[in-house]
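Welcome, and thanks for taking a look at this one with us. Please open the structure below and keep it in view while you read.

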Amino acid sequence: MTSALQGLRVIDMGQWIAAPYCAALLADFGAEVIKVEKPQGGDDQRHSSPFVDGQGAFFNFFNRNKRSVTIDLSTPAGREQCRELIATADIVVENYRPGAMARMGLDYDALRAENPRLIYCSISAFGQTGPLQKEGGFDMVIQAMSGLASICGPADGQPHRLPIPIADVSTALFATIGILTAVAARERTGQGQSVDVSLLESALAMAPLEVAQYLATGQNPPRMGQASRNASPYQILRTQDGSIALGAAAQHLWEKTCDLIGCAGLKSDPRFSTNATRQLHNDALIQLIEQALACHSTSHWLKLLGEAGIPVGAVMTYEEILGHPQVAARGLIQQAEGSEPSAPRIMTTPIRLSSTPARLLANAPKLGEHTEQILTRS
């Protein structure tokens with residue numbers, strides 16, 4: 001089977017999450033991805049627990065379908081070796097601090113003359129320009145600076161960060177979009193280009209409602225806890241023995257929900273007559289809904305509301321959702337093709353193509369596993 005990105009060679013010079021995840025997504029669809037690592041220890045993510053067969057589980061996820069070479073970029077010989085490797089490539093993905101690649105003679109401007117078709121993606125905390133360009137920044141720092149932490153957490157409490165690397169992951173996705181857009185442009189022009197993606201801008205792009213609200217009103221979006229910024233009821237609610245997520249802001253859904261939970265009188269209450277008025281009185285509304293939900297179990301409400309077409313879901317643990325028949329039917333969790341039964345299971349791409357699907361051909365490589373094979377033939 002021909003893969004969608006077959007024939008593209010990608011040099012992955014990234015560490016940790018954003019750049020390696022971007023390269024992994026390209027590898028899933030058939031691009032040949034060569035990961036360049038330092039000889040002493042390689043990508044630091046290799047050494048982050050938990051471990052499976054002696055290798056970091058996080059590293060396994062972000063570096064599937066790749067091959068690994070070790071090159072000492074601190075030496076002139078190593079830099080020349082890397083330069084020769086990049087000369088054979090279509091795409092470079094790197095997340096060094098801006099300026100570092102230029103000091104090694106491995107930046108886009110230094111490489112494009114000898115490889116004008118090269119697409120060179122630079123991922124950084126703040127971008128390749130601007131007063132903060134040379135600053136580093138981890139996901140947590142970017143969550144704080146981007147405004148994301150300011151809107152997370154209890155309305156009357158401290159700001160919270162999301163417990164997922166949302167800035168890193170979103171940057172990987174935007175970088176992948178940028179690279180594929182550049183590949184499409186190269187088909188028309190024959191020329192490569194640089195792709196500049198930052199964690200800060202990616203995190204801002206993940207909050208379109210909040211950014212739009214500020215630009216329209218000049219006011220900072222408030223921290224709202226569980227409440228939604230533009231819908232009510234639309235949040236997680238307590239039941240007799242647990243919680244459910246309920247999305248019943250649309251008027252016909254709201255009125256049907258009132259009947260199902262035994263609160264028909266709320267439909268005529270002027271505080272709750274429209275989505276806009278429900279938002280204004282959301283705290284009072286949620287208190288009344290939870291009083292009604294407390295009469296029955298989570299399973300009761302999931303069945304009753306779900307069968308009536310109300311958007312509702314259980315609050316699941318990862319054990320519950322990863323073991324769910326829906327996830328199994330979609331084949332999201334896989335082992336590499338042809339691997340032993342004891343091989344690590346990882347989550348594959350959520351993108352489904354009908355003719356050129358993604359494939360999990362290999363687990364993450366051992367450090368330098370393919371150095372001799374690639375550097376003697378590159």
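Which residue just after α1 takes a positive phi? That residue is Gly30, with a phi of about 105 degrees. Do keep in mind that this is a predicted model.

- Six strands form an open sheet in the order β5-β2-β1-β6-β7-β8, and their pairing is parallel.
- At the edges you will find β5 and β8 (194–198), each of which pairs on one side only.
- From one strand to the next, the twist averages 20 degrees.

**Strand β2 and its neighbours**
- Strand β2 covers residues 32–37, and five of its six residues are buried, so the strand is largely enclosed by the rest of the structure.
- With β1 (residues 9–13), β2 pairs in the parallel sense over four bridges.
- To find this pairing in the viewer, look for Val10, whose bridge partner in β2 is Val33.

**Strands β6 and β7**
- β6 (residues 91–94) and β7 (residues 119–124) are joined by four bridges in the parallel sense.
- Val92 has Tyr120 of β7 as its bridge partner.
- Helix α1 packs on the sheet, where it touches β1, β2, β5, β6 and β7.
- The direction of α1 makes about 160 degrees with that of β1.

- How many of the 11 residues of α1 are buried? The count is 11 of the 11, so this helix is largely enclosed by the rest of the structure.
- Among the buried residues of α1 are Ala18, Pro20, Tyr21, Cys22, Leu25 and Leu26, and Asp28 is buried too.

**Helix α3**
- Helix α3 (residues 76–86) lies across β1, β2, β5 and β6.
- Relative to β1, helix α3 runs at about 150 degrees.

Conventions. Residues numbered from 1 in each chain as written. Predicted model: local features only at pLDDT ≥ 70, side-chain atom pairs only at ≥ 80, totals over all residues. Heavy atoms only, no water. Buried < 20%, exposed > 50% of the residue type's maximum accessible area, 1.4 Å probe, protein only. Helix = DSSP H or I, 4+ residues; strand = E, 2+ residues; numbered from the N terminus. Pairing = 2+ DSSP bridges. Axes fitted to C-alpha atoms, helices over the stretch in contact; angles between N-to-C directions. Contact = heavy atoms within 4.5 Å.
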